[in-house]
Structures are given as structure tokens and as C-alpha cells.
Amino acid sequence: LYANTQSVTDVRSEISLVPAFFAPLADIFHPSRKEMLDEYTARMDSMEAVIGMPLHVLRQKPELLHTEGYPSSSTLDPYFLIHLLMPALENAVLHGEYTRARRDATLAVLFAVQQFNKTGSWPSSLMDTDVVDAWNGEQLKIKLVHGEPVIYSVGYDLDDDGGIPQKGAPGWSEKFVSDWVIWPSAL
């Protein structure tokens, strides 16, 4: 019936009050084009503001990423399509930061290997790399296990478990309670 609110009644046909009756209801359930554009623009601006923020900042302030609690996914929600879009945009921001974290972790591994090739021993710290743990903003961890290095991040739970790996640990989820072991690949 929504289509009836958008059409003009043909003066040659029988006059109908149906479009006039449903027009006020359409305004309740469907925002105007300007309102929809304003909401969309506000959401896009909020996502652009968090692009490039490190995971540890987003982890401390999740409200920056989740712009608001999205209402029900009912098609009667006036901003249903925008609400449907937001989780995909949030995931795109997170995946960009995961990529940055993996790149930085690779640089830390290359530094450690370079130090080993120069000195014959593994570094005891990764301070000279200028690479930080994406999850806590501190230096990545390195420890020797049986003479071999384990380079790791504390992961989402921010708890240093001493390099105990868990599959999927670089991800944004409370179910990951172990460290993100970067090198050697443990899983």
C-alpha cells in the first residue's frame, strides 16, 4: 500500500481516499529522503572518525566503533537499511586494524631474525622495533622457549599468558582468552 502514497490519483478515475489515509502512517514508518540522507551521513562520519584508530584505543572505548545500540532489525524501523549496513562497516574498520597489526607483527619478527643473524642470539626485547602490541599499545612480547623465540601479543583479553596460543586470538571477541602467538606459527 505504500506505493499508493507515492502516486497521484488520476482525475479521470474514481476518486480514492486510500492514499490520503495512509500518507500520515507512511511518515511515521518511513523517513523522508533528507532524514535518511542525514542519518546515513552521520553514520558514515562516525565510521570515518575511527578509521586508523589502533585496536587498543577501540578496545578501551568500544562506543567509538559501535556508534549506538542498533534498534531491532524490524523492517518497520525507519532506518532499517542503515542499521543493516553498520555491522559491515564496523567489520571493515576492524579488518583494517587487523591488517595493520599483522604488518607490524611481521616487522617485529623481521627485526628479531635480523638481530639473530647479526649477533647469533635472539633479542630479549622488541623495544628497538618501534612496533607496539595492537591490543594494549605496549611492546610486543618475546620470550625464549628451549632456545627458540616466541613473539606474541597479549590478545583481546589483555592478559599476558606467556605466549600460550589460541586459534583466532587476533580477533575481536571475548571468547579468545589466550595470547596471539605471532611467531612461530603455533596453530
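Hi everyone, two housekeeping remarks first. The model is predicted, so to speak of local features I need pLDDT of at least 70, and side-chain atom pairs count only at pLDDT 80 or more, while totals for chains, interfaces and linings use all residues. Residues are numbered from 1 along each chain as its sequence is written, and side-chain values use heavy atoms, with hydrogens and water left out.

Let's start with the overall layout. The protein chain has five helices and three strands. Here helices (H or I, at least four residues) and strands (E, at least two) are DSSP runs, numbered from the N terminus. Reading from the N terminus, the order is α-α-α-α-α-β-β-β. Of the 187 residues in the chain, 33% are buried. For that word I use relative accessible area: buried is under 20%, exposed is over 50%, and partly exposed is in between, with a 1.4 Å probe and protein chains only. The chain exposes about 11800 Å², and carbon and sulfur atoms supply 59% of that area. Accessible areas come from the Shrake-Rupley method with a 1.4 Å probe, and for residues only the protein chains shown count as cover. Now contacts, meaning heavy atoms within 4.5 Å. Among contacts between residues at least 6 apart in sequence, 45% join residues at least 24 apart.

On to the sheet. In what order do the three strands lie? The order is E1-E2-E3, in an open sheet with antiparallel pairing. Two strands pair if DSSP finds at least two bridges between them. As a reminder, strands of a sheet pair through backbone hydrogen bonds, either parallel or antiparallel. Strand E1 (141-145) and strand E3 (180-183) stand at the edges; each has a single partner strand, so one side of each is left without a neighbour in the sheet. From one strand to the next, the twist averages 40°. For angles, axes are lines fitted to C-alpha atoms, for helices over the stretch in contact, and the values run from 0 to 180 degrees between N-to-C directions.

Let's walk across that sheet. E1 and strand E2 (residues 148-153) are joined by five bridges in the antiparallel sense. Within that pairing, Lys141 is opposite Tyr152, and Lys143 is opposite Val150. Helix H5 (residues 80-119) packs on the sheet and touches E1, E2 and E3, with its direction at about 50° to that of E3. In the hairpin of E1 and E2, two residues lie between the strands, and His146 takes a positive phi near 55°. Is E2 mostly covered or mostly open? E2 is mostly covered, with five of its six residues buried.

Please also have a look at Val154, in the loop between E2 and E3. Its relative accessibility is 2%, so Val154 counts as buried. What does Val154 touch, leaving aside residues up to four places away in sequence? The contacts are Asp133, Trp135, Asn136, Lys141, Asp159, Asp160, Ser178 and Asp179. Lys141 is 13 residues from Val154 along the chain, and their C-alpha atoms are separated by 7.9 Å.

Next, the charged pairs. The structure holds four salt bridges, each defined as a side-chain nitrogen of Lys or Arg within 4 Å of a carboxyl oxygen of Asp or Glu. One of them links Lys34 and Asp38 at 2.8 Å, N to O. Both residues lie in helix H3, four residues apart, about one turn of the helix. Lys34 is exposed at 58%, and Asp38 is partly exposed at 41%. Another joins Arg100 and Glu97 at 3.0 Å, N to O. Those two are three residues apart in helix H5, so about one helical turn separates them. Arg100 is partly exposed at 34%, whereas Glu97 is buried at 4%. Asp104 and Arg103 also meet in a salt bridge, at 2.8 Å, N to O. Here Asp104 is buried at 16% and Arg103 is partly exposed at 46%.

Last stop, the surface. Leu37, Tyr40 and Leu85 form a nonpolar patch with about 260 Å² of accessible area together. Patches are made of residues with over 30% relative accessible area and no salt bridge; like charges are joined within 9 Å, and nonpolar side chains (Val, Leu, Ile, Met, Phe, Trp, Tyr) within 5 Å. Leu37 sits in helix H3 (residues 33-50) and is exposed, at 52%.
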